[in-house]
Amino acid sequence: MTLLLGALLAALSPSCGWGNQDGTPPGVTGLRVEYLTDPQGIDAARPRLSWRITSTERNTVQAAYSLQVARSETDLARGDHLLWDSGRVTSDVSLFVDYAGPPLESRTRYVWRVRVWDASGRASAWSAIGTWETGLLQPDDWTATWIGTAPVAADSLPAASPLFRRAFRVTGPVRSARLYVTSLGLYEVHLNGQRAGDRLFTPGWTSYHRRLQYQTYDVTSLLHPGDNAVGVMLGDGWYRGQLGFSGQRNVYGRRVALRLQLEIRYQDARAERVVSDPQWKTIPGPVLASDIYGGETYDARQEHPGWAAAPYDDHAWVAVAPLDPPAATLVASESVAPLDPPAATLVASESPPVRRIREVRPVAVRRAPSGETVFDLGQNFSGWARLAVRGPAGTVVTLRYAEVLDRDGNLYTANLRRASQTDRYTLKGEGEERYEPHFTFHGFRYVGVTGLPAPATTGTITGIVVSSDLAATGSFETSDSLLNRLQQNIVWGQRSNFLDVPTDCPQRDERLGWTGDAQVFARTAAFNLDVAGFFSKWLADLAADQDPSGSLPWVIPNPLGGDSTRFAGTAGWSDAAVIVPWTMYLAYGDRRLLERQYTSMRAWVEYERRRAGADLIWRPGWQFGDWLAFHSDDPSYPGATTGTDLIATAFLAHSADLTARAAAALGRDADATRYAALSRAVRAAFDREFVSTAGRVGENTQTAYALALAFDLLPDSLVPTAADRLAADIRARDVHLTTGFLGTPHLLPVLAATGHVDLAYELLTQRSYPSWLYPISRGATTMWERWDGIRPDSSFEDPGMNSFNHYAFGAVGDWMYRTIGGIDADPQVPGYRRARIAPRPGGGLTSARASLETLYGTLSSAWRRDAQRFVLEVTVPPNTSAEVTLWETQVDQVREGERPLSGAPGVRDVRQRGRDVVVIVGSGNYELTVSRTP
Ligand code: BGC
């Protein structure tokens with residue numbers, strides 16, 4: 001970066017004509033700590049500080065910054081008692097600056113601000129103040145003990161959710177109060193009758209035996225002088241409910257338990273703690289049973305009004321039981337050892353929480369032939385229905401959930417397999433009752449209701465959409481409404497499946513962190529939503545669950561058990577260990593994350609190498625291969641099956657290549673050389689084994705070509721012929737694809753990169769099946785697991801494997817952003833510090849627009865065209881630059897605004913590269929017009 005800065009400053013001398021010496025100084029905004037805004041309860045020992053620069057001018061770069069950290073706003077304003085004052089640091093770095101003050105203390109609030117100087121030496125004002133608060137950093141900060149209910153014989157069966165409570169006195173005016181909570185199973189915490197915070201499914205799903213999260217809540221406003229009470233309800237959740245497709249339960253343990261610490265600081269500087277300990281009391285609550293797959297059974301007559309408040313008569317409650325031995329010990333999060341963790345580590349949450357993110361009203365209510373009242377919410381999603389009902393006590397209302405209806409109009413539930421996703425609510429008979437489940441979620445569009453005491457209205461049911469609350473970062477829109485619907489379906493698929501863990505699907509008895517699905521979708525995911533913290537958490541679990549051999553479980557977190565080869569170690573799935581960290585590095589430029597994952601990346605590649613053996617061809621045991629590649633009995637679609645040895649060897653070459661790049665980025669030169677050599681050697685082995693001298697690859701399948709071309713496995717001389725063979729196969733199938741999970745993401749990129757961009761568009765806009773748009777013609781509102789989930793004759797695919805909400809094939813979104821919209825990252829300068837903008841119009845589109853909130857700010861590309869002109873509007877965030885490619889034109893045919901290109905403010909370089917014009921621009925908004933001379 002320092003070198004880069006030097007070059008930039010040199011280039012910025014006033015004589016080059018595009019500097020911004022006059023005008024207003026830059027501003028600073030968007031302060032972040034790690035990936036979060038003003039986080040509370042984080043446990044990074046050296047949190048990274050990031051900011052965004054604002055500017056009304058073009059070509060703004062940061063030449064220097066100054067950071068100050070203190071314990072209070074007053075200290076900061078006065079410049080007194082600063083904990084850290086960086087002074088003026090000559091640097092263009094505005095993301096992930098390590099805090100370098102004295103060691104941080106637990107439960108402490110820090111405030112900070114930053115100012116920057118631009119290349120002309122103009123200083124910004126100090127930013128608004130940002131904050132962060134540490135959690136409990138040391139093991140002995142936790143004085144709370146684990147508590148649960150007394151063990152009973154039926155500990156391994158579904159049980160009523162226990163309630164826990166403790167009354168306490170607040171003895172003076174409170175300055176601040178924090179609640180630190182974790183649990184085995186899921187928890188909901190209440191103070192004085194009010195729910196603390198709006199996080200759902202806490203403490204989240206991690207590799208529970210190794211990493212257990214806790215959350216911090218600011219509960220200052222929920223306390224009052226006098227009698228107070230804290231109450232917690234626990235649910236089975238992932239910890240002890242059903243989990244996995246074999247019907248297993250109690251994967252992590254038999255008993256749910258709580259560990260909670262309420263810390264009160266009084267105005268007069270006294271401090272007090274209320275902690276989980278043997279003085280707490282417990283009783284079964286109204287949730288009679290809850291299960292992630294099965295749904296929830298709730299009896300409102302069993303509620304205990306006022307249970308989480310004081311005063312309250314709890315004489316019927318019984319003493320809690322301590323849990324021994326303690327199931328988790330505390331160590332600061334950064335000490336997580338990837339391959340041999342000693343015991344569960346208590347870590348602060350780093351991903352944005354799961355929340356209710358939207359409500360949807362029914363679009364239709366019908367009586368189904370089954371007799372059920374069926375509510376159509378118009379959209380497939382994850383969450384549940386809120387029921388509003390009046391009726392006599394004891395009435396049971398049952399809600400079943402399904403993604404689609406069968407031909408008769410009944411809920412189709414065969415594809416849910418063992419997941420019954422049914423909620424049952426028993427009324428207490430007191431006016432209007434509203435019910436939402438607590439410890440389950442469903443994947444659905446339709447709700448079938450029975451037992452309603454009065455005729456249904458559209459107000460009876462409201463859809464509650466639940467997801468990890470990740471900020472929308474991307475937008476993509478074109479002049480083709482079907483492509484726009486495809487984009488929406490991809491985003492709905494992501495929202496539905498990014499529920500604390502990137503899952504395969506949200507409805508059947510899986511909902512697991514399938515590594516292959518996450519791997520293929522990660523790049524698309526990082527366009528649509530801010531997934532930095534989300535994947536950072538998941539990757540920590542991936543490293544934690546990695547086998548000492550380097551092998552990886554199929555799913556992360558791993559409830560399937562198995563050893564290094566059973567339910568583990570498969571090409572394209574376990575390669576998530578390498579591909580996902582690399583993808584995050586591209587999208588966010590976070591070097592520390594890459595460093596943290598590096599041991600895990602290397603361990604996986606070494607495992608693959610050993611499996612391949614001396615000839616470097618991985619002839620595997622069990623592999624998923626090009627999972628769910630289109631296969632049909634129709635004689636016009638033969639040969640969709642690509643050999644698993646070809647696929648596994650291709651992924652070995654690719655992962656070795658990415659590991660070499662990661663090593664180079666991290667300055668591990670010996671490793672960079674080693675893995676680059678390994679990748680080359682595997683490539684040579686691949687060519688010997690699978691590539692003919694005439695450019696035929698493997699079984700001549702689309703996936704064989706897509707992988708070989710995407711991973712750069714072919715001799716240069718054979719690339720055009722191999723690409724032509726791929727194109728010929730697609731044309732021979734009347735422009736249809738035959739690819740599965742692994743081939744699909746690479747199909748359009750390799751076509752576009754090898755001179756077949758028109759064919760890529762034809763494939764993308766193909767409406768007949770198999771294609772991306774076919775499901776839309778069948779009313780799909782999310783991505784389907786299979787190309788033919790509902791066949792043209794309206795029959796369903798095999799119910800054993802037919803999810804209507806699987807994002808894997810949505811990996812095409814990456815191509816839509818990068819090639820239609822034209823926004824891409826430059827791996828040499830990741831995190832969009834230097835972006836690439838190169839839209840390739842096609843497919844009859846007259847306009848397209850893509851934008852991305854990068855960590856530096858908004859990057860966008862919007863084009864429109866007619867017979868005379870192609871107009872490209874570009875926005876480049878401050879402190880970054882972009883390389884803009886205009887296809888097939890000449891420099892003198894391009895104008896920026898009203899001016900010729902060269903000399904326009906902010907335009908740093910203009911070049912003719914072959915038939916294309918390449919323009920380097922600094923930050924700012926540009927309008928590039930290419931006139932098409934007849
Ligand atoms: C899941 C997938 C997963 C696959 C493994 C399925 O049951 O739903 O999406 O990747 O198994 O091939």
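Colour the chain by secondary structure: the protein chain has 16 helices and 48 strands (helices are DSSP runs of H or I with at least four residues, strands are runs of E with at least two, and both are numbered from the N terminus). The protein chain is as compact as a globular protein of its length, because its radius of gyration of 29 Å is close to the 30 Å that the globule rule gives for 934 residues (the radius is taken over C-alpha atoms, and the rule is 2.2 Å times the number of residues to the power 0.38).

This is a predicted model, in which local features need pLDDT of at least 70 and side-chain atom pairs count only at pLDDT 80 or more, while totals for chains, interfaces and linings use all residues. Residues are numbered from 1 along each chain as its sequence is written, and side-chain values use heavy atoms, with hydrogens and water left out.

**The whole chain**

Along the principal axes, the C-alpha atoms of the protein chain fill a box of roughly 85 × 75 × 60 Å. Of the 934 residues, 62% count as buried (buried means under 20% relative accessible area, exposed over 50%, and partly exposed in between, with a 1.4 Å probe and protein chains only). Among contacts with a separation of 6 or more, 75% are between residues 24 or more positions apart (a contact means heavy atoms within 4.5 Å).

**The largest pocket**

Now select Arg523, Ala710, Pro749, Arg818 and Asp824: of the 49 residues that line the largest pocket, these lie nearest its centre. The search runs on a 1 Å grid over the protein atoms alone: a pocket is an open set of points with protein on both sides within 12 Å along at least five of seven lines, a cavity is a set where a 1.4 Å probe fits but cannot get out, and lining residues have an atom within 4 Å of a point. About 1600 Å³ of space lies in the largest pocket (grid points are joined across faces, edges and corners, and a volume is the space filled by probe spheres set on the points).

Which helix gives the most to this lining? Select residues 744–753, which form helix 13 and supply six residues to the lining of the largest pocket. Coloured by class, the lining shows 26 nonpolar, eleven polar and twelve charged residues (Ala, Val, Leu, Ile, Met, Phe, Trp, Tyr, Cys and Pro are nonpolar, Asp, Glu, Lys and Arg charged, and the others, Gly among them, polar).

Next, select helix 14, residues 757–764. Six of the eight residues of helix 14 are buried, namely Val757, Leu759, Ala760, Tyr761, Leu763 and Leu764. Show what covers them: the cover includes helix 4, helix 12 (719–732), helix 13 and helix 16 (812–821).

Follow the chain to Pro770, in the loop between helix 14 and helix 15. Tyr769 and Pro770 are joined by a cis peptide bond, with omega about 0°. Another cis bond runs from Ala310 to Pro311, and Pro311 lies in the loop between strand 21 (295–299) and strand 22 (318–319).

**Enclosed spaces**

The whole structure holds three cavities of 30 Å³ or more. For the largest cavity, select Gln213, Gln215, Ser349, Pro353 and Asp500, the nearest to its centre among its 16 lining residues. This largest cavity has about 100 Å³ of space.

The second largest cavity has about 70 Å³. Of its 13 lining residues, Ser771, Trp772, Pro775, Met783 and Trp784 are closest to its centre. Helix 4 (481–497) and helix 15 (774–777) each give two or more residues to that lining.

**Last stops**

Most residues other than glycine have a negative phi. Select Asn59, where phi is near 65°, in the loop between strand 3 (48–54) and strand 4 (62–70). Is Asn59 buried or exposed? At 1% relative accessibility, Asn59 counts as buried.

Finish at Asp530, in the loop between helix 5 (515–528) and helix 6 (532–544). Asp530 is buried, with a relative accessible area of 11%. Leaving aside residues up to four places away in sequence, Asp530 touches Arg32, Leu470, Ala471, Thr473 and Tyr588. The C-alpha atoms of Asp530 and Ala471 are separated by 5.4 Å, though the two residues are 59 apart along the chain.
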